[in-house]
Amino acid sequence: MSAHLPRTESARGIRGGGVRRREFLGVAALTPAAAAGLGSGGLVTPAGAVPAHRAGHPLTPVPSDLATWAEVAKALGRGGNMVRGLYYHTPFLRWDLRVVSHGVTVTPGLALGSHVSFVRYGDGSTLAMGDVIVPEDRSQRLTDVLQRHGFVQTAIHKHLLAHSPPLWWMHIHAHGHDPVRLARDVRAVVETTGAPPPRPPAPPRRIDLDTAGIDAALGVPGTTANGVHVCTFIRRETIVDGDRALPPGLGATTAFTFQPLGGGRAALNGDFSMTGQEVQGVLATLRRGSIDLVELHNHGLTDEPRLFFLHLWAVGDAVTLARALRRAVSLTNVKPAPGTA
């Protein structure tokens, strides 16, 4: 639900002293010693460079539409959708996996989806951010491919508790001036995870949940798709990552997904975005609502304000769970996400 990809300027377009180089967002997080140890394919940064946003001038997103990303969609081998006219989002559902967590067979819509988003900036560059799901036996190979294609890994973590087969999620981040090339690299990464081709879209269908009750309890209109119901909030602040302001909601959402189990019950999987000051109150409130805490971590390396993310899990009456979530949401500086455009 939530999402992070800093990529470099294409190594093929930057040369110094006859050696190809890549520039990455997030390099400031490296110590000088670590940066010095990277080879010609690693992260480099110009000496004395200062991120633009530290001088008060972050790059801002440029509006785009589906036509802008037609060649990107072709390179990815599947279509996506525009979000609020600012970024192009492509999901990669893992309908090929049969995953069980605490006795619940997890549907692809609940927790088994990779996704990557693309954003244009005024300097002609494109930012790609995403969250990639990978079976554990492919995880190290995926890391090697990410590094070979110039992606920064900003998180390696889990979205589910005791589950089989074991899965990991990696947040990835990259930027460059050739969005089609970037999309081809994304496709190589996704194929390394074993993700299948997209299925034909299924017709909309009702699900066995009181979705109106869930929405009323959370105070946000949700959406129903892929057999689940999703309610999403975005941070009210402008999030700056490296030298770029992120579009509202990109990599900074609080989102809850309800999978119907019958009789008004649901499996809940979700993700909170929080500042450090909000974390402890959210943790305590969720536990009082009998919601399990899965993982607390960061999605980015250089985001400001610094955000922490909490993945959660619960099984129970869907509306009751939504009320417990609302109490925790009220402790954070979020608002209901506007609809897609």
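How many bridges join strand β17 to β22? Two bridges join β17 (residues 240-241) to β22, and the strands run antiparallel. Strands pair here if DSSP finds at least two bridges between them.

## Model and confidence

This is a predicted model: local features need pLDDT of at least 70, side-chain atom pairs count only at pLDDT 80 or more, and totals for chains, interfaces and linings use all residues. Residues are numbered from 1 along each chain as its sequence is written, and side-chain values use heavy atoms, with hydrogens and water left out.

The protein chain has an average pLDDT of 85, and 83% of the residues score at least 70. pLDDT is the predictor's confidence in each residue, from 0 to 100. Over residues 1-54 the pLDDT is below 50; beyond near neighbours in sequence, this stretch has 138 contacts in the model. Contact means heavy atoms within 4.5 Å.

Helices (H or I, at least four residues) and strands (E, at least two) are DSSP runs, numbered from the N terminus. Valine 240 stands opposite glutamate 304 in β22. The peptide bond from glutamate 304 to proline 305 is cis, with omega near -5°. Proline 305 is in the loop between β22 and β23.

Another open sheet of three strands has the order β9-β8-β13, and its pairing is antiparallel. Two bridges link β8 (residues 99-101) to β13. Valine 100 faces serine 164 in β13. A cis peptide bond runs from serine 164 to proline 165, with omega near -5°. Proline 165 lies in the loop between β13 and β14 (167-176).

## Strand β20 and its partners

Strand β20 (residues 265-275) is mostly covered, with 10 of its 11 residues buried. Buried means under 20% relative accessible area, exposed over 50%, and partly exposed in between (1.4 Å probe, protein chains only). Seven bridges join β20 to antiparallel β19 (residues 253-262). Phenylalanine 256 stands opposite glycine 270 in β20. The hairpin of β19 and β20 has two residues between the strands, and glycine 263 takes a positive phi near 65° there.

β20 also pairs with β23 (residues 307-317), antiparallel, over 11 bridges. Histidine 311 in β23 is the bridge partner of aspartate 271.

A nonpolar core is a set of buried Ala, Val, Leu, Ile, Met, Phe, Trp, Tyr and Cys residues joined through side-chain atoms within 4.5 Å. The largest core has 31 residues; Leu218, Phe256, Phe258, Phe272 and Leu325 touch the most other members. At least two residues each come from α6, β16 (228-235), β19, β20, α7 (276-288), β23 and α8 (318-329). The largest share, eight residues, comes from α8. A second, separate core of 26 residues includes Val132, Phe151, Ala174 and Ala195.

Leucine 325 touches residues including Leu218, Phe256, Phe272 and Leu312, not counting residues up to four places away in sequence. Buried residues of α8 include Ala318, Leu321, Leu325 and Val329. The 12 residues of α8 should span 16 Å at 1.5 Å a residue, and its end C-alpha atoms are 16 Å apart, which agrees. The expected span is 1.5 Å times one less than the number of residues. Aspartate 317 caps the N-terminal end of α8, with a side-chain oxygen 3.4 Å from the backbone nitrogen of valine 319.

## A buried arginine

Arginine 235 is found in strand β16. It counts as buried because its relative accessibility is 3%. A polar contact of 2.8 Å joins the side chains of arginine 235 and glutamate 278. Such a contact is a pair of N or O atoms within 3.5 Å; within protein, one must be able to donate a hydrogen and the other to accept it, and residues adjacent in sequence count only if both atoms are side-chain atoms. Among the other residues that arginine 235 touches are Ser273, Leu307 and Asn333.

## Positive phi in loops

Most residues other than glycine have a negative phi. Histidine 102 has a positive phi near 50°. This residue lies in the loop between β8 and β9. Histidine 102 is partly exposed, with a relative accessible area of 49%.

Serine 290 has a positive phi of about 60°. Its place is the loop between α7 and β21 (292-297). Serine 290 counts as exposed because its relative accessibility is 56%.
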